[in-house]
Amino acid sequence: MSKKILLRLKEFEKVFNTEIKEAKEESSLEALRIKYLGRKSFISKVLKNISKLPKAKRPLVGNLANRIKNNITNALEEQKRLLERLKEDRLHEIRDFTLPGVRSEIGHIHPTTKTIKEILEIFSNMGFGVVDSPEIETEYYNFQALNIPKEHPSRETFHTFYLEEGNFLLRSQTSTCQIRVMEKEKPPIKVIHPGKVYRPDAVDASHSFLFHQIEGFLVDEGVNFGHLKATLARFCAEFFGPKTQMRFRPHYFPFTEPSAEVDISCYICKGKGCRVCSFKGWLEILGCGIVHPNVFKSVKYDPQRYTGFAFGMGVERIAMLKYGIDDIRLFYENDVRFLRQF
């Protein structure tokens, strides 16, 4: 019996030595390892059952089986190293290291993000803190608390994205942050809030259903229109240049009274009139005003004690004015020919 096992072990090793020469892939080597060294392999069964052999024959069979097992293990490892060297040599043959390398393009900040960062930096230097608020809002925060009556056109479905379930909508303005901040904090308050807003406008060169706004407001005792004018004048001078002129035009906003729209002198024609400013010499940049007393009542502020101002601007519009961009859709098309300019 033991003699037969010895003969089978030698034949077992001979067959392995033949098959390993044909192994040209790592998967083939793994298959050989399982076949010749796995739990169900012949050599594993011999070593497992060696105690059943006659005591005198055990050392002879055991030594041969272990030697063959070690030989197979070493041969598999050597063949693996050989395959790895051949693979590396093939890679060097494929690659021509004398050719010029492929240069990876370096990304940069999107013009919308760049404009937001520039605006925030200016107002942060004036002491404004940056806040955030939800993009999904209720009618209370988006309209009611901001003194916008139920019959106001902006509350119609063709001006606002309403969600199907519950009293929710996609905010149509970043002014919602005024209420949320004042509910949590007491004056003095001085914050600025950037964010996306949504309106179901037909997309064209000057309109988009999604765009970015920046809202700023300040609340304290004794705040007046002069503080608002001085704040915006500094912003215009720093963002558009020190020679920029600014003017206020009376306007109506439900949440501010008095209210105004702010224009700046056209930075291209210097007020003389050109295509960018429609030959008027002025460019509209934002709306603003003194916070309406009814807004203070919504957050339980005493309008006899506190006053404040608020302003809001469209980021894409500001960027279009500064960089001479004539189509808002360019911001969202991801055309690298456009984006590379910034």
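Reply: The count of salt bridges comes to 15, each being a side-chain nitrogen of Lys or Arg within 4 Å of a carboxyl oxygen of Asp or Glu. The model is predicted, so local features need pLDDT of at least 70 and side-chain atom pairs pLDDT 80 or more, while totals for chains, interfaces and linings use all residues. Residues are numbered from 1 along each chain as its sequence is written, and side-chain values use heavy atoms, without hydrogens or water.

One of these bridges joins Glu-19 to Lys-35, with the closest N and O atoms 3.0 Å apart. The pair links distant parts of the chain, since Glu-19 lies in helix 1 (residues 2-20) and Lys-35, 16 residues away, in helix 2 (residues 26-37). Helices (H or I, at least four residues) and strands (E, at least two) are DSSP runs, numbered from the N terminus. Glu-19 counts as partly exposed because its relative accessibility is 26%, and Lys-35 is partly exposed at 44%; buried means under 20% relative accessible area, exposed over 50%, and partly exposed in between (1.4 Å probe, protein chains only).

Glu-78 and Arg-81 pair with their closest N and O atoms 2.9 Å apart. Because these two residues are three places apart in helix 4, about one helical turn separates them. An α-helix has 3.6 residues a turn, so residues three or four places apart point the same way. Glu-78 also meets the side chain of Arg-85 in a salt bridge (4.0 Å, N to O). Elsewhere, a network of salt bridges links Arg-247, Arg-249, Glu-261, Asp-263 and Glu-284.

The largest has 36 residues, of which Phe-123, Phe-235, Ile-285, Phe-311 and Met-313 touch the most other members. At least two residues each come from helix 5, strand 5 (210-220), helix 8 (225-240), strand 7 (256-265), strand 8 (282-291), strand 9 (307-314) and helix 10. Helix 8 contributes the most, with six residues. Leaving aside residues up to four places away in sequence, Phe-235 touches Ile-119, Ile-122, Phe-123, Met-126, Phe-240 and Met-313, contact meaning heavy atoms within 4.5 Å. A second, separate core of 24 residues includes Ala-145, Val-191, Val-219 and Tyr-301.

Two of the helices named above also pack together. Helix 5 (residues 111-125) and helix 10 (residues 315-323) meet at an angle of about 95°, their axes 9 Å apart. Helix 5 is therefore roughly perpendicular to helix 10, a description that covers 65 to 115 degrees. Helix 5 supplies Thr-112, Lys-114, Thr-115, Ile-116, Glu-118 and Ile-119 to the contact, and helix 10 supplies Val-315, Glu-316, Ile-318, Ala-319, Lys-322 and Tyr-323. By class, this contact comprises six nonpolar, two polar and four charged residues. Val-315, Glu-316, Ile-318, Ala-319, Met-320 and Leu-321 are the buried residues of helix 10, and these pack against helix 5, strand 5, helix 8, strand 8 and strand 9. Just after helix 10, Gly-324 adopts a positive phi of about 70°.

Note on methods
Axes fitted to C-alpha atoms, helices over the stretch in contact; angles between N-to-C directions. Parallel < 35°, antiparallel > 145°, perpendicular 65-115°, else oblique. Nonpolar A, V, L, I, M, F, W, Y, C, P; charged D, E, K, R; others polar. Core = buried A, V, L, I, M, F, W, Y, C linked by side-chain atoms within 4.5 Å.
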